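Let's take a friendly walk through the inside of a protein.

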Amino acid sequence: MEEMDASAPHGGELVNLVADDERTGLLKDIARKLTDITLTDRQMCDLELLATGALSPLRGFMVQSEYASVLDRMRLQNGLLWPLPVCLDVNGLAARGLEAGQSVALRDAEGFLLAVMHIEDIFMAEKEKEAEMVYGTRDPSHPGVDHLMNACGDTYIGGRIEVVHLPPHFDFQQLRRSPAEIRQTSKKLGWERLIGFHTRNPIHRPQFEMTLKAMRKAAANLLILPTVGITMPGDFDHYTRIRCYREIERRYPPDAHLLNLLPLANRMAGPREALLHAIIAKNYGCTHFIVGQNHGSPDRGPNGRPFYPGEAAREIAETCEEDLGVRILGFPEMLYLPFEDEYRFADQVPEGTQTLSFSGFDIRTRIRTGRKIPPWASFPEVIATLRKSYPPPRKQGLTVFFTGLSGAGKSTLAKILYARFLELGDRPVTLLDGDIVRQNLSRELNFSKEHRDINVRRIGFVASEITKNRGIAICAPIAPYTTTRTEIRKLIEGYGGFAEVHVATPIEECEKRDRKGMYAKARAGLIKGFTGVDDPYEAPEAPEIRIDTTHMTPNEAVKDILLFLNEKGYI
């Protein structure tokens with residue numbers, strides 16, 4: 001294949017959807033009379049990449065014919081390679097007031113006007129097909145499938161957009177350059193070849209060695225494009241990662257690389273994801289793109305197996321190299337050879353040679369659990385930066401989340417545990433009992449299913465803030481719904497520890513303890529929507545601790561909880 005032309009964006013033109021000053025004034029006036037659509041964080045990532053041309057040649061969110069073509073053929077209707085749908089989803093209620101031909105105002109959560117969208121199409125999402133075609137699975141444990149099925153609206157609206165303001169960012173502004181600005185910088189520096197490297201993890205030794213080998217192989221400079229939009233639950237936050245990248249920058253040769261943040265909402269679609277990353281890098285002016293082992297893939301599923309073969313992304317990228325218009329630098333896994341004290345690619349290691357390897361997931365797990373990182377796996381300055389943000393469990397924030405039927409013993413256990421933590425005295429402790437929170441934060445709520453769920457979500461949010469600030473939150477709601485508990489877990493685990501305690505006392509025992517007669521009233525039909533009687537309790541499948549208080553004292557139960565927390569290093 002001939003040397004790639006750095007001046008050619010995907011489709012031949014670098015799109016800019018940001019309106020000029022005159023048009024912006026007109027759009028602001030028009031937007032006052034338009035229906036508003038409030039964008040999610042994920043949708044704002046898509047909007048920003050569309051606006052700046054990172055998703056060239058797209059000029060808006062996809063219409064149905066484009067959506068179907070991408071699902072079926074991985075191509076736009078004009079035949080240009082495009083691997084993933086870029087659609088604006090809305091719920092059914094919002095969709096009912098819309099029709100093709102009208103315009104809508106796209107706003108952020110605070111009502112700030114971002115863009116005006118001219119609707120050309122409204123259609124139902126084919127979620128089952130989209131999951132199968134894009135992610136290769138309908139497994140809900142895949143984060144992309146989970147988001148598609150449980151968070152996305154059922155209706156897509158398509159049409160071109162005119163951008164009034166880019167989504168505001170107040171962090172690392174000097175590192176948020178558009179494709180046009182990166183192209184201009186590269187041209188000013190006289191760089192003829194530029195390698196794109198996309199990552200959602202800190203750069204550890206294997207990734208650093210891989211980028212150096214790529215730079216030597218292609219005789220090119222390097223553009224590091226870390227995702228700062230939506231990554232995976234459990235990933236390191238982007239503030240910490242950027243501090244790590246800045247530490248690593250000192251190890252590259254001078255004037256050999258650029259670091260630029262990418263406001264991308266990762267789909268974690270494996271092979272198809274790798275193609276999109278390559279297209280984005282091409283639009284930033286890259287002539288080459290690195291695709292390594294498990295590129296664009298989520299961490300392993302609950303069964304311990306990967307969602308995609310390790311080489312799948314590399315193989316599809318190399319196959320599509322001509323259509324992509326960038327040279328693919330495909331690399332197998334990098335392995336550490338302890339006796340040689342060096343890294344080599346897996347296909348260059350002689351048979352029988354002892355090797356070691358650490359994935360990004362392995363390092364994240366060790367950092368969060370306070371275990372040592374071997375020096376061959378990363379750099380001391382990177383590990384020090386990570387440990388500053390993610391201290392060992394004993395110094396982290398922690399949420400102990402009790403769940404169970406009314407009368408199971410949650411509140412009693414929570415109060416005893418609260419006292420034990422206060423005795424230890426090493427971190428601030430807050431008790432968030434369901435009734436206490438309802439009285440102080442949720443007084444306006446009734447006991448409908450919707451309002452009970454809102455109360456639990458509020459408890460989860462407060463607990464996440466306490467955990468974020470390295471305190472201990474003890475929560476004791478009924479929390480009957482699996483989906484809500486899962487969302488709370490994901491939220492809190494981004495900041496610190498989370499221990500779910502299922503107080504699994506049988507309903508028969510709970511009824512015996514019911515001094516207020518609530519169960520009897522529910523069975524008589526005097527109370528509606530009572531958990532365990534006419535509203536289900538969805539028992540946790542895999543809580544950290546499961547306790548039946550029928551035949552044990554509260555102190556014995558709390559001792560079991562403390563033993564678990566001690567074993568995990570939290571106390």
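Cys-475 is buried, with a relative accessibility of 0%. Keep in mind that this is a predicted model. How far is the sulfur of Cys-475 from the closest cysteine sulfur? That closest sulfur belongs to Cys-510 and lies 19 Å away, which is too far for a bond, because a disulfide needs two cysteine sulfur atoms within 2.5 Å. Cys-152 is in no disulfide either. Here are the two cysteines side by side:

| Cysteine | Relative accessibility | Nearest cysteine sulfur |
|---|---|---|
| Cys-152 | 15% | Cys-87, 9.2 Å |
| Cys-475 | 0% | Cys-510, 19 Å |

Now for the nonpolar cores. The largest one has 73 residues, and Leu-55, Trp-82, Leu-106, Ile-161, Ile-280 and Leu-324 are those with the most contacts inside it. Which helix gives the most to this core? It is helix H10, spanning residues 271–283, with 7 residues. Take Ile-280 as an example: leaving aside neighbours within four places in sequence, Ile-280 is in contact with Leu-49, Ala-54, Leu-55, Leu-262 and Leu-264. There is also a second, separate core of 41 residues, which includes Ile-224, Ile-248, Tyr-252 and Ala-256.

The structure holds 1 cavity of 30 Å³ or more, and the largest cavity has a volume of about 30 Å³. Its lining is made up of Asp-46, Leu-49, Leu-55, Val-86, Leu-264, Arg-267 and Leu-276. Sorted by class, this lining has 5 nonpolar, no polar and 2 charged residues.

Definitions and conventions: Residues numbered from 1 in each chain as written. Predicted model: local features only at pLDDT ≥ 70, side-chain atom pairs only at ≥ 80, totals over all residues. Heavy atoms only, no water. Core = buried A, V, L, I, M, F, W, Y, C linked by side-chain atoms within 4.5 Å. Buried < 20%, exposed > 50% of the residue type's maximum accessible area, 1.4 Å probe, protein only. Helix = DSSP H or I, 4+ residues; strand = E, 2+ residues; numbered from the N terminus. Contact = heavy atoms within 4.5 Å. 1 Å grid on protein atoms, 1.4 Å probe; cavity = no way out; pocket = protein on both sides within 12 Å on 5 of 7 lines; lining within 4 Å. Points joined across faces, edges and corners; volume = space filled by probe spheres on them. Nonpolar A, V, L, I, M, F, W, Y, C, P; charged D, E, K, R; others polar.
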